[in-house]
Amino acid sequence: MSATGAKNTPFSLIGGDVTISGNLTASVDLHIDGTVEGDISCAALVQGPDSRITGHVAAQSARLAGLVDGSITAEELVVESSARITGDVIYDNISIAPGSRIEGCFTHKQNGPVTVGELKLIANDSAG
């Protein structure tokens, strides 16, 4: 039984006056208006415009409106105009509102992670 008396809480809320230092894992939807210093893993994430996340975000769906300093992996990603993201983004579907700022690399999930292969220098002996 939860503190609210509900048997199955449909989402969890982290208020604007709350700061969490550590990783978060939620099997339900998560709404963050406060500050999280750590990685987040949840079904769906809604980030308020005044919130701050420092760490990796992994979610089925994410609607980001605040500051994120870390990488993001999401099937469905919506970046609101107030969002400020510094980190790489891996997505299936993405929507980016005008005015948002993102500094990082974008990778579509279908392409998989980018790996660096071995480079070999081939000398051309016929050059003269």
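Which residues does Ile72 touch, not counting residues up to four places away in sequence? Ile72 touches His56, Val57, Leu64, Leu77, Ile85, Asp88, Val89 and Ile90. Contact here means heavy atoms within 4.5 Å.

## Model and conventions

This is a predicted model, in which local features need pLDDT of at least 70, side-chain atom pairs count only at pLDDT 80 or more, and totals for chains, interfaces and linings use all residues. Residues are numbered from 1 along each chain as its sequence is written, and side-chain values use heavy atoms, with hydrogens and water left out.

## Overall make-up

The chain has 14 strands and zero helices. Both are DSSP runs, numbered from the N terminus: helices are H or I with at least four residues, strands are E with at least two. From the N terminus on, the elements run β-β-β-β-β-β-β-β-β-β-β-β-β-β.

Buried residues make up 30% of the 128 residues. Buried means under 20% relative accessible area, exposed means over 50%, and partly exposed lies in between, with a 1.4 Å probe and protein chains only. Among contacts with a separation of 6 or more, 2% are between residues 24 or more positions apart.

## The six-stranded open sheet

Six strands form an open sheet, in the order S2-S5-S7-S9-S11-S13. The pairing is parallel. Two strands pair if DSSP finds at least two bridges between them. Strand S2 (19-21) and strand S13 (101-103) stand at the edges. Each has a single partner strand, so one side of each is left without a neighbour in the sheet. Neighbouring strands are turned by 5° against each other on average, direction ignored. The axes behind such angles are lines fitted to C-alpha atoms, for helices over the stretch in contact, and angles run from 0 to 180 degrees between N-to-C directions.

Inside this order, S5 (residues 35-37) and S7 (residues 52-54) pair in the parallel sense over three bridges. Val36 stands opposite Ile53 in S7.

## S6, S8 and S10

S6 and S8 (residues 57-64) pair in the parallel sense over six bridges. Ser41 stands opposite Ala58 in S8. Seven bridges join S8 to S10 (residues 72-79), and these strands also run parallel. Here Ala58 stands opposite Thr73 in S10.

## The nonpolar core

The largest nonpolar core has 23 residues. Such a core is a set of buried Ala, Val, Leu, Ile, Met, Phe, Trp, Tyr and Cys residues joined through side-chain atoms within 4.5 Å. Leu30, Ile32, Ile40, Leu45, Leu64, Ile72 and Leu77 have the most contacts inside the core. Strand S4 (29-32), S6, S8, S10 and S12 each give two or more residues to the core. In soluble globular proteins, nonpolar side chains tend to be buried together.

## Serines in two loops

Ser51 lies in the loop between S6 (40-47) and S7. At 2% relative accessibility, Ser51 counts as buried. A polar contact of 3.1 Å joins its side chain to that of Gln47. A polar contact is a pair of N or O atoms within 3.5 Å; within protein, one must be able to donate a hydrogen and the other to accept it, and residues adjacent in sequence count only if both atoms are side-chain atoms. The backbone oxygen of Gly48 lies 2.8 Å from a polar atom of the Ser51 side chain. Beyond four places in sequence, Ser51 touches Ile32, Asp33, Gly34, Gly66 and Leu67.

Ser100 is found in the loop between S12 and S13. Ser100 counts as buried, at 17% relative accessibility. Its side chain reaches the backbone oxygen of Ala97 at 2.8 Å. Leaving aside neighbours within four places, Ser100 is in contact with Val79, Glu80, Ser81, Ala83 and Arg84.

## Arg84

Arg84 lies in strand S11 (residues 84-86). Arg84 counts as partly exposed, at 28% relative accessibility. Not counting residues up to four places away, Arg84 touches Gly66, Leu67, Val68, Gly99, Ser100 and Arg101.

## The aromatic pair

The structure holds one aromatic pair. Tyr91 and Phe106 form this pair, which is edge-to-face, at 6.4 Å centre to centre and 75° between the planes. Rings of Phe, Tyr and Trp (its six-membered ring) pair if their centres lie within 6.5 Å; planes under 30 degrees apart count as stacked, over 60 as edge-to-face and the rest as tilted.

The pair links distant parts of the chain, 15 residues apart: Tyr91 in S12 (residues 89-96) and Phe106 in S14 (residues 106-108). Tyr91 counts as buried at 17% relative accessibility, whereas Phe106 counts as partly exposed at 40%.
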